[in-house]
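The following questions and answers concern the structure shown here.

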Amino acid sequence: MTLSIAKTVSPAAVRCVLGLAAVFAPMVGAAMERPASVRPGPAPIIKLLADITAKPAPPRVMALVWKGADIDGDGASDFANPTGAAPRGHDDFGDGWFGARRDGGSRDHEGVDYVAKAGQAVHAPMSGYVTKIGYAYAGDTELKFVEIANPALGYAARAFYVTPGVEVGQAVRLGDTIGEVESLQGHYPGITNHVHLEILAPGGDRVNAARLITPTMVAVNQTADTAAD
């Protein structure tokens with residue numbers, strides 16, 4: 001019986017079977033030698049497609065913040081920008097930086113002017129107690145200032161051109177609202193409205209507020225910001 005079957009198989013069929021065996025034999029051997037646990041990862045094309053369809057990372061958003069110096073070394077800021085805006089630049093009435101010339105050079109500017117809009121909130125530039133509410137100019141009861149002293153630090157701060165929202169003796173914390181910005185247009189038409197901030201160091205000398213309150217760029221959470229809106 002076996003002999004009769006062998007006689008019926010053509011030489012061409014035998015050659016075909018032998019050729020297929022030669023092709024698949026190495027694949028079978030490799031599969032047997034390589035366990036499933038150590039098989040290579042997905043093909044490069046599959047990984048490429050996965051990378052393309054993956055959700056892109058949100059763009060990094062930077063924001064400008066004002067950081068106050070830490071005088072007492074407790075890791076927290078001791079000063080704050082009263083308006084949240086940059087110092088006043090040059091206008092027809094001069095410059096807003098510390099030490100700028102005033103009255104034709106007869107005196108120096110003793111504070112830093114932070115740009116503001118009339119009516120906006122003014123924030124406490126430091127924590128402490130309201131020790132004085134006075135007038136910016138002698139004989140003029142329109143424009144006022146608020147003075148805050150911090151006995152622990154030995155520093156004091158005066159924010160000028162503010163309609164007070166606090167009283168003498170009141171305790172305030174850094175960043176609390178202490179009043180509203182007064183318009184300066186009645187006294188200096190065309191001037192950039194601002195809050196004039198004076199920082200008095202222990203002993204009473206005025207120091208440059210721009211060295212104690214500095215701008216820096218930080219990354220913000222765009223998703224959180226969008227949700228807040």
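Q: Which residues touch the most other members of the largest nonpolar core?
A: In this predicted model, Ile-178 and Ile-199 touch the most other members of that core, which has 26 residues. Two or more residues each come from strand E4 (112-115), strand E7 (140-150), strand E8 (155-160), strand E11 (177-181) and strand E12 (194-200). Another core lies apart from it and has seven residues, including Leu-143, Phe-160, Leu-184 and Ile-191.

Q: What is Ile-199 in contact with, leaving aside its neighbours within four places in sequence?
A: Contact requires heavy atoms within 4.5 Å. By that rule, the partners of Ile-199 are Phe-79, Tyr-155, Ala-156, Ala-157, Asp-205, Arg-206, Val-207, Ala-209 and Leu-212.

Q: Why does Leu-48 count as partly exposed?
A: The term applies between the limit for buried, under 20% relative accessible area, and the limit for exposed, over 50%. Leu-48 has 45% relative accessibility, and therefore counts as partly exposed. Leu-48 is placed in helix H3 (residues 44-53).

Q: What makes the nonpolar surface patch of about 290 Å²?
A: Ile-45, Ile-46 and Leu-48 make this patch. A patch residue needs over 30% relative accessible area, and Leu-48, at 45%, is above that value.

Q: Why does Gly-204 count as partly exposed?
A: Its relative accessibility is 33%, so Gly-204 falls between the limits of 20% and 50%. Gly-204 belongs to the loop between E12 and strand E13 (206-207). The C-alpha atom of Gly-204 is separated by 8.2 Å from that of Tyr-155, although the two residues are 49 residues apart along the chain.

Q: How do you know which stretches should not be read in detail?
A: Where pLDDT is low, the predicted coordinates should not be read in detail. The chain averages a pLDDT of 84, and 76% of the residues score at least 70. Over residues 1-6, however, the pLDDT is below 50, and this stretch has zero contacts in the model beyond near neighbours in sequence. Residues 224-229 also stay under 50, with one contact beyond four places in sequence.

Q: What makes up the chain in terms of helices and strands, and how much of the chain is buried?
A: The chain has four helices and 14 strands. Buried residues, those under 20% relative accessible area, make up 28% of the 229 residues. The accessible surface comes to about 14,500 Å², and 59% of this belongs to carbon and sulfur atoms.

Key:
Residues numbered from 1 in each chain as written. Predicted model: local features only at pLDDT ≥ 70, side-chain atom pairs only at ≥ 80, totals over all residues. Heavy atoms only, no water. Core = buried A, V, L, I, M, F, W, Y, C linked by side-chain atoms within 4.5 Å. Buried < 20%, exposed > 50% of the residue type's maximum accessible area, 1.4 Å probe, protein only. pLDDT = per-residue confidence, 0-100. Patch = residues over 30% accessible without salt bridge, like charges linked within 9 Å, V, L, I, M, F, W, Y side chains within 5 Å. Areas by Shrake-Rupley, 256 points an atom, 1.4 Å probe, with all protein chains shown as cover. Salt bridge = Lys/Arg side-chain N within 4 Å of Asp/Glu carboxyl O.
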